[in-house]
Amino acid sequence: MRIAIVDGPTTLALLQELIPLAKRGGVTINVAWVRPNQLIDTLVNHPERMARLRYGISFAHTNPYTIQQIWGAGIECIVAQPSPPRVFHPKEYFLCGKNWSAALIGSSNLTAGGLGGIGNRPGNEESSMFFFHGTVEKKMTQTRTVLQNAYGSAVIAASEGNLADPEIVSQWGAQSDAKYAGFSTTVDQKHLDRYTKTYKAEQDKKFKANAEKRRVKLGELTDDKKGWLLNLSWKSYLALLKETPDELDERLTILSDTLNIMNAANHRFTAIAQANDRLAIAGVIRQRSDTSDPLNWFLFGNMSQNPGEFKKMLIQPDAQWKRHINTLSDKNASPDINETQSHDIMKGLRRRRISVGRITRLMAMLRPAEFLPFTASNVLGLQRALDLPKRKNATNSNDEYLKILMKLRSSPWYQTPINAKWSVEDQTIWRYRMALVDMLVYGG
């Protein structure tokens, strides 16, 4: 048996290579948590290779929508809940082929963090032991490279015998099954429905805790709450956003992914080939068609309720919509959009009574340094933060939106020029600074 130490990205590459080559029912996975990641496609595309996936749900960290996707592909899923309660914490991947067997045991969960990251989000610093015994097949290019690097430049023998080693890897898997059997339950739809409710409740608690952290931080920054958002320095604005780094990270990643999509479409929204990419950017769907995308695209205003004409226009915009959307998205043609242009774009896009909220979501995603989403969920917070009188119908007013934009653009944090000496994260925040205001005022 040959052994190598591997990191998260290499663990992912090895699993993507070996799972399709395993025998039927030859793959067993035991992990603490499961969240959207780049290996999910491999699992759901090769369900016959899977014996089972066993996972934990401590801290409601496992994503129920990902489990639903895996279970829905016909893979047996088993939830491990130790009693008395404690964290189910293994990271074990056992694989058996016709003339080979392999195992990856270490620190990589079935998550984006454990398997090298995703999109603009890097993974954790992971370390696992890779065990391989038997014949290295022609298609195992990644496996061959890893083992050659582990053993210098020596050429790997074509075979170590005709059989893989059932006495090692297969027995490891069997021993794990026996060890965890006493607190393992086979997943069904009822369990998934119950756990989804728990997950949603925990996410809501997390949101409220994040809002409270920012409220406390705001109290430390200023004694004058009236118009506080207009008085923030750039340093204070950063401090508020960074008070909840996990939420900031997800929002930055969504905006960065939007930029990547727009770059691929040469900064023309109507040139985006995938309809689901357009709908995700506009806040109409939670996830894009890419099943490994772990992001909640409803952030910055959820526009999923009764999208109607809006959704239709995103997929098949008429000539006038195309003109306005592409003016908005093409930064080469219009590096900056002034107040008059903003008014014209808003007026043009609001045809057919499409709401200000829907239009401003699109404007904020395409121009995150210049626009913010304007929704019923954040308008109250904006009114308080800018010391404006409450207006019940503010979210339906073009003029109210533009008035708030002009106020925000005059604030110190917005006016501060970018500095090449700042960290990469700070420079990214500066480029997205207007859209990120929603994070500070969402929910009032």
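**Burial, helix packing and surface**

Colleague: Is I359 buried or exposed?

Modeller: The relative accessible area of I359 is 0%. Buried means under 20%, exposed over 50% and partly exposed in between, with a 1.4 Å probe and protein chains only. I359 is therefore buried.

Colleague: On what basis are such values given?

Modeller: The model is predicted, so local features need pLDDT of at least 70 and side-chain atom pairs count only at pLDDT 80 or more, while totals for chains, interfaces and linings use all residues. Residues are numbered from 1 along each chain as its sequence is written, and side-chain values use heavy atoms, with hydrogens and water left out.

Colleague: Which residues are in contact with I359, leaving aside its neighbours within four places in sequence?

Modeller: I359 lies in helix 14, residues 356-366; helices (H or I, at least four residues) and strands (E, at least two) are DSSP runs numbered from the N terminus. Contact means heavy atoms within 4.5 Å. With those neighbours set aside, the partners of I359 are F310, W321, M346, L349, R350 and I354.

Colleague: At what angle do helix 12 and helix 13 pack?

Modeller: Axes are lines fitted to C-alpha atoms, for helices over the stretch in contact, and angles run from 0 to 180 degrees between N-to-C directions. For helix 12 (residues 319-329) and helix 13 (residues 339-349), the axes are 9 Å apart and the angle is about 145 degrees.

Colleague: Which residues of helix 13 make that contact?

Modeller: Helix 12 contributes Q320, W321, H324, I325, T327 and L328. Facing these, the residues from helix 13 are D344, I345, G348 and L349.

Colleague: Where is T42 found, and what is its relative accessible area?

Modeller: T42 belongs to helix 2, residues 40-45. Beyond four places in sequence, T42 is in contact with L15, Q16, I19 and P20. T42 is buried, and its relative accessible area is 12%.

Colleague: What percentage of the residues of the chain count as buried?

Modeller: The secondary structure comprises 19 helices and 10 strands. Among contacts with a separation of 6 or more, 72% come from residues 24 or more positions apart. Of the 444 residues, the buried share is 52%.
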